[in-house]
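Please read it alongside the sequence and the model.

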Amino acid sequence: MYLPKIDEEKCKQCGECVDVCPADVLGSDDEKTNVVNPADCLGCESCISVCPEEAITVEEI
Ligand code: SF4
Ligand code: SF4
């Protein structure tokens with residue numbers, strides 16, 4: 001399993017990671033971008049690649 005995390009201090013709410021994630025793991029509401037569905041994470045690291053703020057980490061657990 002994989003555990004994606006978003007560093008709230010770094011995240012600028014651009015939404016790129018939400019758009020790129022193939023498994024709908026990430027989502028955003030009016031205030032911030034969140035990991036909403038961690039169990040579905042594939043560990044593909046596309047979110048890491050796309051994030052301009054280097055705010056995302058994906059740990060294998
Ligand atoms: S590693 Fe892949 S599946 Fe997991 S949150 Fe990032 S984009 Fe989504
Ligand atoms: S791509 Fe990075 S900066 Fe943009 S919403 Fe996702 S975590 Fe935040």
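Ligand 1 is surrounded by 16 residues, the closest being Cys21, Val25, Cys41, Cys44 and Cys47 (a residue counts if its C-beta atom, placed from the backbone, lies within 6 Å of the ligand). This is a predicted model, in which local features need pLDDT of at least 70, side-chain atom pairs count only at pLDDT 80 or more, and totals for chains, interfaces and linings use all residues. Residues are numbered from 1 along each chain as its sequence is written, while chains are lettered from A and ligands numbered from 1 in the order in which they are written.

**Ligand shells**
- The shell around ligand 1 has 13 nonpolar, two polar and one charged residues (Ala, Val, Leu, Ile, Met, Phe, Trp, Tyr, Cys and Pro are nonpolar; Asp, Glu, Lys and Arg are charged; the others, Gly among them, are polar).
- Strand 1 (2-6) and helix 2 (46-50) each supply at least two residues of the ligand 1 shell (DSSP runs numbered from the N terminus: helices H or I, at least four residues; strands E, at least two).
- Ligand 2 has 14 residues around it, with Cys11, Cys14, Cys17, Thr33 and Cys51 the closest.
- Eight nonpolar, three polar and three charged residues form the ligand 2 shell.

**Contacts of Val25**
- Leaving out residues up to four places away in sequence, Val25 touches Pro4, Val35, Val36, Asn37, Pro38, Asp40 and Cys41 (C-beta atoms, placed from the backbone, within 7 Å).

**Fold**
- The protein has two helices and four strands, in the order β-α-β-β-α-β from the N terminus.
- The C-alpha atoms fill a box of roughly 25 × 20 × 15 Å along the principal axes.

Conventions. Two residues are in contact if their C-beta atoms, placed from the backbone, lie within 7 Å.
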